[in-house]
Protein chains: 2
Amino acid sequence: MSEFKLIADHLTGLGAARPDVLLDVGDDCALLDVPQDRELALSIDTLVAGVHFLPDADPEGLGHKALAVGLSDLAAVGAEPAWATLALTLPEADAHWLSRFARGFATLAQQEDVRLVGGDLTHGPLAISVQVHGLVPRGHALRRAGAKPGDLVCVSGALGDAGLALEHLQQGEPLGDYLRQRLERPTPRVALGEVLRGVASAAIDLSDGLAADLGHILAASGCGARIELDRLPLADQVAGAVAARNDWRLPLCSGDDYELCFTLPPEHHAELKVMAAAAGCPLTQVGEIEARTGLRFVGADGHLWHGEVGGYDHFAITGS
Amino acid sequence: MSEFKLIADHLTGLGAARPDVLLDVGDDCALLDVPQDRELALSIDTLVAGVHFLPDADPEGLGHKALAVGLSDLAAVGAEPAWATLALTLPEADAHWLSRFARGFATLAQQEDVRLVGGDLTHGPLAISVQVHGLVPRGHALRRAGAKPGDLVCVSGALGDAGLALEHLQQGEPLGDYLRQRLERPTPRVALGEVLRGVASAAIDLSDGLAADLGHILAASGCGARIELDRLPLADQVAGAVAARNDWRLPLCSGDDYELCFTLPPEHHAELKVMAAAAGCPLTQVGEIEARTGLRFVGADGHLWHGEVGGYDHFAITGS
């Protein structure tokens, strides 16, 4: 089966119909209409078989996740999703695999009003790159820089679910519906990103874990933070694992949760509940930005926790 | 060495400085300013080691080619290049390879006024996806659809060079400078694309060979074409190979030339020379659009050539 037939059969007309798509899949380029009062936001991410997912992973889930990862980046800057492109490398021309992948991709695209406007289908080791394109009102994008001492550090949803799910999979243990959903079908916090525009002082999405990703905010903003461990929002299973291991690395260092971490000037504290309702997800204050650089974790007993976190060389933990 | 350090050292600040880049590499998204009087054109392409290039290929050439392939798509719609993103998958954190790749990419980016605004660096089998973004005056993009009976079929540059170069490489034969340059450092016909806006009736870039790519124009435009074989612009080495083999597949069916094929209403025939001078590349009329569907190749003796061309199932050659 040819590349062109596979594209025509499975990757054409995916997602929402949008009047701003002037030329869709099928020419040398897609042509798009960006409104004058918007900035264009874009982000590209790759998922590689054997690195980011197991080679026998459910293709429908992969289609969802490959798009969700990008939409999570758009959420982090407060952009409204618009278009996506897909560079897909497949070991063989497997129409069944492709149709299921396309279904997962298209379902999320439809939900989030995204159109697949272009792509490239090539032969090679299984890998998926998706670029997402969103629109954000001029001058109102959220950035990593902007956090100030006294700002509240907040996160959406719960932390460590995807990490625990991956542990279960790798150990061949059964995976319940909740953890499977959290690993394979993460919900990008798109509505939250839009709610946070003009309110949050900085934001990032949690793809590499709270310690590393909050570290990016701190590095970009030139400040530090104090995290109160007993405030971390944890599902029962994650809380149980933390207690059994006496180790906080699962919620602090495991990736793939695709929640947002953001900093909020204290005068907006009272709005957290309203914002959570508008965004359709729990929001939890987990700490505070401090002038002193570094990231400090404080236990329920008020003592600093000195466990190893992170692992990225650009990000030095100062636990004391 | 971490992903973040490799990005900071080798993939940050690549290409031209552009005032329309509001947020560059280093946040969740890049933020870009699209002028009100322009449409956004975009295209993504993947090069996979062992499929699109030999695994030991010169990384500097790969950096050039990965960007050139995308710029050729922008040229085909008449867009002015602006920004690029890069999804790069590497088997190991090889800073030397990456610095050479980045140099090849950055040199072409600087020449064509392109900024690398984002990307993803992942671990896995060597593969390179580049998305390019260009700007085209509203309503003036070139498309594959639009060719009409009587229009001249024209191509830029010469055909079959990259195909002959690949044959030499695969057979372990020495490669002269001209053919090596044509395979490894193709020149995207960006200036030509801009010259053709408002003049050409249809255009495409030649990535899969004239027979297949002109076939896309014919399919989109609902017409056919007659190509005169002795008009094909051929370098001496390609002309020699065609004569020795008595076979036109090299200039008709081999890919990777990244020239443009376009159709020109006959009233613009006299402008071809001026357009070639403005675009800085030879332009040659090789045939004519006809109402009868299908693609016909006519030899110097006036007889139809019935050789096998193409190979894409969506594209039926009617040689009689």
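## Exercises on a predicted two-chain model

Gln36(B) is the residue of chain B that comes closest to the rotation axis, with its C-alpha at 2.7 Å. Keep in mind throughout that this is a predicted model.

**Exercise 1. Work out how chain B is related to chain A, and which surface the copies use.**

Step 1: Superpose chain B on chain A; this takes a rotation of 180° with 0.0 Å of shift along the axis, and the RMSD is 0.0 Å.
Step 2: The two copies are therefore related as by a two-fold rotation axis.
Step 3: Now compare the contact residues: 100% of those of chain B recur in chain A, so the same surface serves both copies.

**Exercise 2. Find the strands that pair with β11 (residues 283-290) of chain A, and give their direction.**

Step 1: Start with β7 (residues 152-156) of chain A, which pairs with β11(A) in the antiparallel sense over five bridges. Within this pairing, Val155(A) has Thr284(A) as its bridge partner.
Step 2: Move on to β9 (residues 224-228) of chain A, which is joined to β11(A) by four bridges and also runs antiparallel to it. Here Ile227(A) stands opposite Gly287(A).

**Exercise 3. Explain how the salt bridge between Asp58(A) and Arg185(A) connects separate parts of the chain.**

Step 1: Check the distance: the side chains meet at 3.6 Å, N to O, and the cut-off for a salt bridge is 4 Å.
Step 2: Locate the partners. Asp58(A) is in the loop between β3 and α2 of chain A, and Arg185(A) is in the loop between α5 (177-184) and α6 (190-196), so the bridge ties together parts 127 residues apart in sequence.
Step 3: Look at accessibility. Asp58(A) is partly exposed at 24%, and Arg185(A) is partly exposed at 26%.

**Exercise 4. Decide whether Glu259(A) and Arg182(A) are buried or exposed, and place their salt bridge in its surroundings.**

Step 1: The closest N and O atoms of this salt bridge are 2.8 Å apart.
Step 2: Glu259(A) sits in the loop between α9 (249-253) and β10 (260-264), while Arg182(A) belongs to helix α5, 77 residues away.
Step 3: Both Glu259(A) and Arg182(A) are buried.
Step 4: Widen the view: Glu259(A) and Arg182(A) belong to a network of salt bridges that also includes Asp161(A) and Arg189(A).

Methods: Residues numbered from 1 in each chain as written. Chains lettered and ligands numbered in written order. Predicted model: local features only at pLDDT ≥ 70, side-chain atom pairs only at ≥ 80, totals over all residues. Heavy atoms only, no water. Pairing = 2+ DSSP bridges. Helix = DSSP H or I, 4+ residues; strand = E, 2+ residues; numbered from the N terminus. Least-squares fit on C-alpha atoms with pLDDT ≥ 70 in both. Contact = heavy atoms within 4.5 Å. Buried < 20%, exposed > 50% of the residue type's maximum accessible area, 1.4 Å probe, protein only.
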